[in-house]
Amino acid sequence: MGAAGIIGRLNPWSECMNASIKTRSGGRILVDQLRVHGADTAFCVPGESYLDVLNALHDCRDDIRLIVCRQEGGAAFMAEAYGKLTGKPGICLVTRGPGATNSSIGVHTAFQDSTPMILFIGQVGGDVVEREAFQELDYRRMFGQMAKWVAQIDRAERIPEFISHAFHVAVSGRPGPVVLSLPEDMLVSQAAVANAQPHARIKAHPGAADLEKMRDMLEQASRPLVILGGGDWGTAACDDIRAFIETNNLPATCSFRRQDLLDNRHPNYCGDVGIGINPKLAERVRNADLVMAIGPRLGEMTTGGYTMFGVPVPQQRFVHVHPGVDELGRVYRAELMINAGMAEFAHQAANLPAVDSSRWRDWTHEAHADYVANLRHGPMPGPVDLGDVMAFLRKRLPGNSIITNGAGNYSGWVQRFYQYTGFRSQLAPTNGAMGYGVPSAIAAKVVHPERMVVSFSGDGCFLMNGQELATAAQYKLPVLFIVVNNGMYGTIRMHQEREYPARVYATALDNPDFAALARAYGLHGEIVEKTADFEAAFERSVASGKPALLELRIDPNVISTRTSLAAIREQAVKAGR
Ligand SMILES: Cc1ncc(C[n+]2csc(CCOP(=O)(O)OP(=O)(O)O)c2C)c(N)n1
Ligand SMILES: [Mg+2]
């Protein structure tokens, strides 16, 4: 997308041409820059440290929708999800010290998930800085490792420059978060300065020689396999990469929690390479003679804990395409490493002449058949069968629905049994952050009010950001929240049973009545205790027209789609642990 695609409602070009530059407060200059760069939404928890920004947002409330949240962790996750959904930096505003520390989970998520985001933090005034003044922190040190750029704006007349740089950094190369600290005295100071111009998205393009070599490698392959992943994708890029996959009849997988990069119902889709990978797919990845990793970082979750490919030299012939130059050669010395934006790469790949794919016709066909077979679920013991619930949702949800989740074993059923229908039908944290399912769903409904949004959380995950139900109620956002209640931090209990059997500790949870809690927030709320009751409860939730919550009480022994706590304990005891 060029600069022309991101111009907000204000006409920045004419403003920039305007010779008479009005004197404005720092807060107002800042908000005007957000408009110049195309921001239409921001998420916040207010603080006295940035009152002047709120004041300017009040003036600009028709241009920028401000969503006020109940905890900065929720606000930051919403901004991150906005960034994932739109490709534009998600804007989050928080106060100093306590607000900034609360928001850090969203910044870490944006970093690991390669999501464009800008976090603004009110800061103590320059007159008291470095005295450990009230709530003072040095954000450069605090966010140093988890943001692409952290800076403090000390002079109001430099705001346009800093914000312009922040937008460029957030969206260019490998997208990610930027943190800007805003001293209180700077925000109320006056300056006469021109607006910047809208930012441009800067991406590397693949070279002709790279593409030729990639095609040669494909021509020499017998068992190629594509892994799609990473950030930086959009609808057009996904369409182009699908065309490349179809032209060459390639088996295509997606990396951990990126299943929505290709419609899972597509005949070339073969499943996801992540936690709980289909064992048949894991074997296929190992047996491939050419791996084409298009976009993923090749992190721990996508590589089976760095076991699937040789480090640093993979045993398979290997192509790695990534928008961030630092990721190429970081762990894996691929034979061909291409630094390119996803749209730029996918467009070129779509235009490459087809290779003869007859050699891998059966390989592709079998890989897809393995995926389809893995969608079939055995009966799940206990009163509520999550496999049945997912099978119902697969059929019932409109094709453009958005499914969200956080972290926990409950997400295994969602990842394995839901069929994502295309770009951004999924919002899930690749950094495994609990508490993401609720706020990301709220952001999805803000961005796409016309789409159905279903949020999954475990009982543990849910209460990490359950307070944002109030936000869903306040803004009348009819999300369906599903809470899978097994009375424990199940993932950790599973590891405990494996490593320290019969020494279960700190993983049991006594929970509130989640449906009653939801009703207290003004939502429609119901408990589902039998599979057969789910469908009617789902329909009542949708018909309520309100945000709704369904609590699903499952058998705590059923710890994943493939095993039980009892079986794990038995194995551990046999192994002499
Ligand atoms: C913010 C955060 N804190 C802690 C963890 C570690 N952790 C991973 S999964 C999990 C338990 C999740 O429990 P729940 O949501 O109930 O899902 P379940 O595994 O029981 O299905 C914990 C504590 C994490 N990933 N993120
Ligand atoms: Mg649980």
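In this predicted model, helix H17 (459–465) contributes four residues to the shell around ligand 1, the largest share; helices are DSSP runs of H or I with at least four residues, numbered from the N terminus. H17 and H19 each supply at least two residues of this shell. In total, 18 residues surround the ligand, the closest being Asn409, Gly432, Asp459, Cys461 and Gly490, where a residue counts if one of its heavy atoms lies within 4 Å.

For Asn486, the distance from a polar side-chain atom to a ligand oxygen is 3.0 Å.

Helix H19 (residues 490–499) has Gly490, Arg493, Met494, Gln496 and Glu497 as its buried residues, buried denoting under 20% relative accessible area with a 1.4 Å probe and protein chains only. Viewed down the axis of H19, these residues fall within an arc of 165°, given by the directions from the axis to the C-beta atoms, and so line one face of the helix. They pack against helix H22 (565–574).

Residues are numbered from 1 along each chain as its sequence is written, and chains are lettered from A and ligands numbered from 1 in the order in which they are written. Local features require pLDDT of at least 70 and side-chain atom pairs pLDDT 80 or more, whereas totals for chains, interfaces and linings use all residues; side-chain values use heavy atoms, without hydrogens and water.

Terms used:
Buried < 20%, exposed > 50% of the residue type's maximum accessible area, 1.4 Å probe, protein only. Contact = heavy atoms within 4.5 Å. Polar contact = N/O pair within 3.5 Å; in protein donor to acceptor, adjacent residues only side chain to side chain.
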